[in-house]
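Here are my notes on the model you sent. Please read them with the structure open.

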Amino acid sequence: MLGCVNGAAPVGSVEMLWRKSRGDTVDELKKRQDVPGLVKAFAGAEGEAAGDVLAELADTACVPLLLEALKQGGESDLRNRTAVLLRRMGPPAVHAAARWVADHDDESESARDVLLRIGIRAPDMVAELLRETDADTRAVSVEVLVKLGAIAEDAVVALLADPAISTQNAAAEVIGRSDMTSVDPLIARLDKPNVRVQAVVSRELKRFGESAIAPLLDVLQSPDEKAAAQASDILVELGAPVVEPVLALLNSEAGHAAHVQVAAIHILGRMGDVRATD
């Protein structure tokens, strides 16, 4: 229920809800579970006490009111306190904030900043929004996660393994618009059947250049045929720097395995290296 005032559910606009609040003490507002009044107190002098009550109530009905309050004067301190409060309230509150941003695109600069501040401290909470069925909410999450960059990297890459294709695609979009800083999480996703995910992972691994060669050669030795085939394609596209490491693999103990020999010779052959027939 959206903020009981004297036991009755208020109706109408946000402005009407504000007018119904009587500016009582936080204790009195808590007794009545007056959410609009508590939000008003949170934005004022009794912010800490009101925030504790709102976090305890965990009523997501306060989220639109909190974000509306930012429009009235969203200075940095209030934005930061709002981000902390929403984090304390948990994922449902973060979802409600993202949904509000999606619905108020032209007037949500302060609210977007709140989501960014949440992500800096708790990137997993923002990354989880990529699982949402609502495309607009996912789009808000993508935008915030791209800004977070390396801070949210692990959380986003993990969602490439999500069973929902829409989540995989949203995570792939974040990665595609970001600059990944670690090879290993991408290597772990080489076996995904999702074509969009494969394309993003391949492109990012190619961007790493020579530093991706060793982990890709490790994949080449794995029994996972799909992952090994994708690793082989990427190695070919990395070009000349791959030749010597592939030859070294062939001459190693691991290179005695039939599937490794076939893969290595195939790579050298596609690159036009005559030693593939030696």
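Leaving aside neighbours within four places in sequence, which residues is Ser232 in contact with?

1. Ser232. Its contacts beyond four places in sequence are Leu220, His266, Ile267 and Arg270. Ser232 belongs to helix α16, residues 225-238. The relative accessibility of Ser232 is 5%, so this serine counts as buried. Bear in mind throughout that this is a predicted model.

2. Leu268. This leucine is placed in helix α18, which covers residues 258-270. Leu268 counts as buried because its relative accessibility is 0%. In sequence, Leu268 and Val236 are 32 residues apart. In space, their C-alpha atoms are 8.0 Å apart.

3. The nonpolar core. The largest one has 89 residues. Leu86, Leu115, Leu145, Leu190, Leu205, Leu216 and Leu235 have the most contacts inside it. Helix α7, residues 91-103, supplies the largest share of this core, with eight residues. As background, nonpolar side chains tend to be buried together in soluble globular proteins.

4. Leu190. Take this one as a worked case from the core: Leu190 is among the residues with the most contacts there. Neighbours within four places in sequence are left aside here. Leu190 is then in contact with Val201, Leu205, Leu216, Val219, Ala227, Gln230, Ala231 and Ile234. Of these partners, Leu205 and Leu216 are also listed among the core residues with the most contacts.

5. Ser202. This residue is found in helix α14, residues 195-208. Is Ser202 buried or exposed? Its relative accessible area is 12%, and under 20% means buried, so Ser202 is buried. Not counting residues up to four places away in sequence, Ser202 touches Gln230 and Ile234. Gln230 and Ile234 are also in contact with Leu190.

6. The α7/α10 packing. Two packed helices are described by the angle between their axes and the distance between the axes. Here α7 and helix α10, residues 135-148, pack at about 100°. Their axes are 9 Å apart. The 65 to 115 degree range counts as roughly perpendicular, so α7 is roughly perpendicular to α10. From α7, the residues that meet α10 are His95, Ala98, Arg99, Val101 and Ala102. On the α10 side, they meet Asp136, Thr137 and Val140.

7. Asp136. This aspartate is found in α10. Asp136 has a relative accessible area of 45%, so it is partly exposed. Beyond four places in sequence, Asp136 is in contact with Arg99 and Ala102. Asp136 and Ala98 are 38 residues apart along the chain. The C-alpha atoms of Asp136 and Ala98 are separated by 8.8 Å.

8. Helix α4. This helix runs over residues 47-57. Which of its residues are buried? They are Gly47, Ala50, Gly51, Val53, Leu54 and Ala55. An α-helix has 3.6 residues a turn, so residues three or four places apart point the same way. Ala58 follows α4. The phi of Ala58 is positive, near 50°.

9. Rings and charges. How many aromatic pairs does a search of the whole structure find? The search finds zero. Charge-over-ring placements do occur. The charged end of Arg81 sits over the ring of Phe42, at 4.8 Å from its centre. Arg207 lies over the face of Phe208, with 5.0 Å to the ring centre.

Definitions and conventions. Residues numbered from 1 in each chain as written. Predicted model: local features only at pLDDT ≥ 70, side-chain atom pairs only at ≥ 80, totals over all residues. Heavy atoms only, no water. Phe/Tyr/Trp six-rings, centres within 6.5 Å; stacked < 30°, edge-to-face > 60°. Lys NZ or Arg CZ within 6 Å of the ring centre and 35° of its normal. Core = buried A, V, L, I, M, F, W, Y, C linked by side-chain atoms within 4.5 Å. Buried < 20%, exposed > 50% of the residue type's maximum accessible area, 1.4 Å probe, protein only. Helix = DSSP H or I, 4+ residues; strand = E, 2+ residues; numbered from the N terminus. Contact = heavy atoms within 4.5 Å. Axes fitted to C-alpha atoms, helices over the stretch in contact; angles between N-to-C directions. Parallel < 35°, antiparallel > 145°, perpendicular 65-115°, else oblique.
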